[in-house]
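Me: Could you go through this one with me, bit by bit? I'll ask as I go.

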Amino acid sequence: MTETTTTEIDPYSARVLIIDDEIDITMILEMNLKHQGYTNTKTVNDPRQAVSTYTSFRPDIVLCDLSMPHVSGFEVIEQLKELERGSYTPVLVMTALNDSRSRLLAFRLGAKDYLTKPFDFNEVNARIRNQLEVRLLYNRLANSNHILENTVRERTEELVEANRELTRSNTELRMFAYIASHDLKEPVRMVSLNCQMLGRRYQDRLDDDGRTMIRFASEGAKRMQQLIDSLLAYSRVDTQGGAFTENDLNVIVNQAIADLGVAIEESGATVTHDDLPTFVADGVQIRQMMQNLIGNAIKFRGSRLPEVHVSGGRTDDGWHVSVRDNGIGIAEQYYERIFMIFQRLHRREEYPGTGAGLAICKRVVERHGGRIWVESTPGEGSTFHFTIPIREEESDEPA
């Protein structure tokens with residue numbers, strides 16, 4: 001059947017199959033249909049030939065009588081519906097005006113409409129046209145769905161392959177970072193050692209410029225060693241992470257505070273925390289992350305004595321932990337950049353470090369399936385937030 005517009009039917013291309021044992025009825029129907037332009041019609045007077053004719057003729061619409069010898073119209077409808085296999089070929093049943101029970105049974109078997117005997121040919125033509133329009137819309141929708149399914153499948157395959165390639169690239173990158181940084185440790189150590197030996201052995205023979213050059217070389221080697229150590233720590237987050245076990249965050253935070261004892265004492269910082277939750281995680285990595293976050297809060301301080309507070313609890317997003325400080329703050333345009341490795345916002349002389357701490361924190365959080373972000377007001381302070389998903393073994397515990 002030729003498709004033109006949504007509601008325009010070309011009767012010359014529509015194939016109509018008539019199944020009725022009464023020859024007079026089928027002759028009258030054929031004459032009416034030809035008068036309306038439906039010239040491609042076929043008639044079956046023996047219902048036993050309905051299936052074979054349907055298969056070879058491949059009609060666009062079927063007109064089927066219900067009361068026939070040998071095979072009833074109900075049986076014919078069931079047989080034809082089995083042959084559709086996802087396509088849409090409407091069947092209109094032909095029955096007496098007062099035979100409502102037969103019409104209802106035919107509808108349940110798959111018929112789409114009915115024609116009453118004796119025929120009102122204006123009604124016959126309208127119902128046939130209506131069902132052909134429905135078929136046209138169905139076929140267009142099915143074709144659109146087919147195109148959409150193919151597109152979704154192709155895009156899904158592309159995404160799967162891209163994700164596979166990204167995973168492979170990330171694995172190779174982390175392995176490269178580990179190998180490169182590991183292999184660089186010894187040469188840098190030798191440079192540092194030889195600079196120290198050179199300075200001690202030839203101290204009296206060097207002028208001020210020579211001693212300054214050795215000092216610069218030693219400091220450069222020391223910074224390189226720090227960068228290598230940071231790169232190793234960053235690459236080991238995934239490759240050498242520990243098992244996920246139950247950890248009391250109160251204990252972890254207190255351990256981090258103890259590790260930062262010297263910095264806290266020298267800065268006059270006050271570090272406090274709420275009653276914190278217990279959750280399943282890699283305890284070593286969480287401790288490292290808390291030490292980084294609290295340490296940064298102390299390091300990036302202004303003229304006021306540092307005040308750091310840790311809070312946390314269970315939310316709809318999982319375990320939510322925050323570290324709030326009253327430090328120098330961060331401008332909004334740097335919210336993303338600070339989590340990139342070796343990205344610094346200040347000169348080394350102002351605030352020492354390699355710029356890897358927050359990148360490591362981000363990698364740790366992502367390994368746990370969570371996320372990390374910052375809220376800050378320059379000159380007033382910052383609050384770093386991170387979430388850890390609630391794991392299956394925790395799901396039954398009270399919030």
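Predicted model: local features only at pLDDT ≥ 70, side-chain atom pairs only at ≥ 80, totals over all residues.

Me: How many salt bridges does a search of the whole structure find?

Reply: The search finds 14, a salt bridge being a side-chain nitrogen of Lys or Arg within 4 Å of a carboxyl oxygen of Asp or Glu. One of them joins the side chains of D60 and R15, at 3.5 Å from N to O.

Me: Which parts does that pair tie together?

Reply: D60 is in the loop between α2 and β3 (61–65) and R15 in the segment before β1 (16–19), so the pair links parts 45 residues apart in sequence; helices (H or I, at least four residues) and strands (E, at least two) are DSSP runs numbered from the N terminus. R15, D60 and R135 are also linked in a network of salt bridges.

Me: And is D60 buried or exposed?

Reply: D60 counts as buried, at 1% relative accessibility, whereas R15 is partly exposed at 22%; buried means under 20% relative accessible area, exposed over 50% and partly exposed in between, with a 1.4 Å probe and protein chains only.

Me: What about R164, which partner does it have?

Reply: R164 forms a salt bridge with E161, the closest N and O atoms being 2.5 Å apart, and both lie in helix α5, three residues apart, about one turn of the helix.

Me: Switching to the backbone, which peptide bond is cis?

Reply: The bond from K117 to P118 is cis, with omega near -5°, and P118 sits in the loop between β5 (113–117) and α5. Most residues other than glycine have a negative phi, and most peptide bonds are trans.

Me: What is the phi of R58, then?

Reply: Phi of R58 is near 50°, a positive value in a residue other than glycine, and R58 counts as exposed at 59% relative accessibility. H70 also has a positive phi, near 70°, and lies in the loop between β3 and α3.

How values were computed. Residues numbered from 1 in each chain as written. Heavy atoms only, no water.
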